[in-house]
Amino acid sequence: MIFEQSLTIFQSITIVTIVAVGFFLWRFYVIRKKYLNRLIQFPSIIILGDRFSGKTSLARVITRNESLAYPLEDGLGINYLKDGNKKVQIIDANVTPEEVERLKKLNVKSFIYVIDASSNSDSFGNQIKDFEKFKETLNGVKSFVVLNKIDAAEKQKIKKIKDKFKNVYEVSTKTNEGLEDLRKSVLSSLSV
Amino acid sequence: MKRIYRTSSLCLICVVILNILITSATVFLHEISHFLAGIYFHCKEIRIVLIEYPNLKAYTEMRCQPNTQYIFPALSPLVIITLFGILFLSLENLPEKNFCWVVIGFNLIISISDMLHFIPTFLIYLTLIVGVILIISGQFLFINEIIILFIKRKDRSR
């Protein structure tokens, strides 16, 4: 008596793999679309700023959570900030002023602009120019200006920024200085 | 290439490799089950072929006494591979636990030719339908979970 299989190994592997690949492509498309729709409709706060200004660290520290790594779109890390019934998504957006246009389709409540105050950052002039471009594109959206890395900043530079902007949050994600105030202001801006 | 597509392609490659491994393991375990049952029921001239060149078919050959002893080696893969499938359920928090249904369903399909001689035709069709449903459900659950895991993965690298 011969117990022979109905399919050859090659046929078996091909059928199972084709089913798996088909399902993967279909489900990836459907699930990503569903999450993107949720991302678009959910109230959001965008963190913008120069490269290495500490956007990701700031998002992590104020949400007290780890970020989701670019789960749906390149350059967008997502965290959730919760306080009682209030929940908002904090989007750590690694985008240039020219690329910020695509974020306008999100339900943006406000944006946080992070200025790197450390000595090895881009010049304040350039960072302020970028902020103005962001503000112009995200017209009508409330903004928070955050001076990060104050533990490594020169007092003169801090003064220069404070002269330029009325409300500046001086923070350090390294020492956690000033972060609680920023967190409270962000949350209170949601109920307005 | 966008990072999302690059990483999802890697995820798809993992899905394909896992499926190839699971399918091959099921095929080999199926034949080994016949072989072991043949030994246990004192069948003679037992020969197991895991890959026969060139048609790549796996089969087990044996000479059993013409009574119920034939049925046991024929049905042995159903028992052993069902147990093998149930092992996957112990991977509680991993998407791979859903391979349980894929393995059991796939085994039902490849077992059909072993059972042709002693089960009625309608049961053959029923087995085939149940097998296909199990494979599709298992793959659906596995892939859904692996994509959600991929989307919700925490970033510890940055």
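Analyst: In chain A, 65% of the contacts with a separation of 6 or more join residues 24 or more positions apart; two residues are in contact if their C-beta atoms, placed from the backbone, lie within 7 Å. This is a predicted model, in which local features need pLDDT of at least 70 and side-chain atom pairs count only at pLDDT 80 or more, while totals for chains, interfaces and linings use all residues. Residues are numbered from 1 along each chain as its sequence is written, and chains are lettered from A and ligands numbered from 1 in the order in which they are written.

Chain A holds 5 helices and 7 strands, where helices (H or I, at least four residues) and strands (E, at least two) are DSSP runs numbered from the N terminus. Their order from the N terminus is β-α-β-α-β-β-β-α-β-α-β-α. The radius of gyration of chain A is 23 Å, well over the 16 Å from the globule rule for 192 residues, so chain A is more spread out than a compact globule. This radius is taken over C-alpha atoms, and the rule is 2.2 Å times the number of residues to the power 0.38. The C-alpha atoms of chain A fill a box of roughly 90 × 35 × 35 Å along the principal axes.

Which residues in helix 1 of chain A are buried? They are Ile9(A), Ser12(A), Ile13(A), Val16(A), Ala20(A), Phe24(A) and Phe28(A). A residue is buried if 20 or more other C-beta atoms lie within 10 Å of its own, exposed if 12 or fewer, and partly exposed in between, with C-beta atoms placed from the backbone. An α-helix has 3.6 residues a turn, so residues three or four places apart point the same way. Across the 192 residues of chain A, 33% count as buried.

Chain B provides the setting beyond this helix. Chain B has 4 helices and 2 strands, in the order α-β-β-α-α-α from the N terminus. Its radius of gyration is 19 Å, whereas a compact globule of 158 residues would have one near 15 Å. Of the 158 residues in chain B, 32% are buried.
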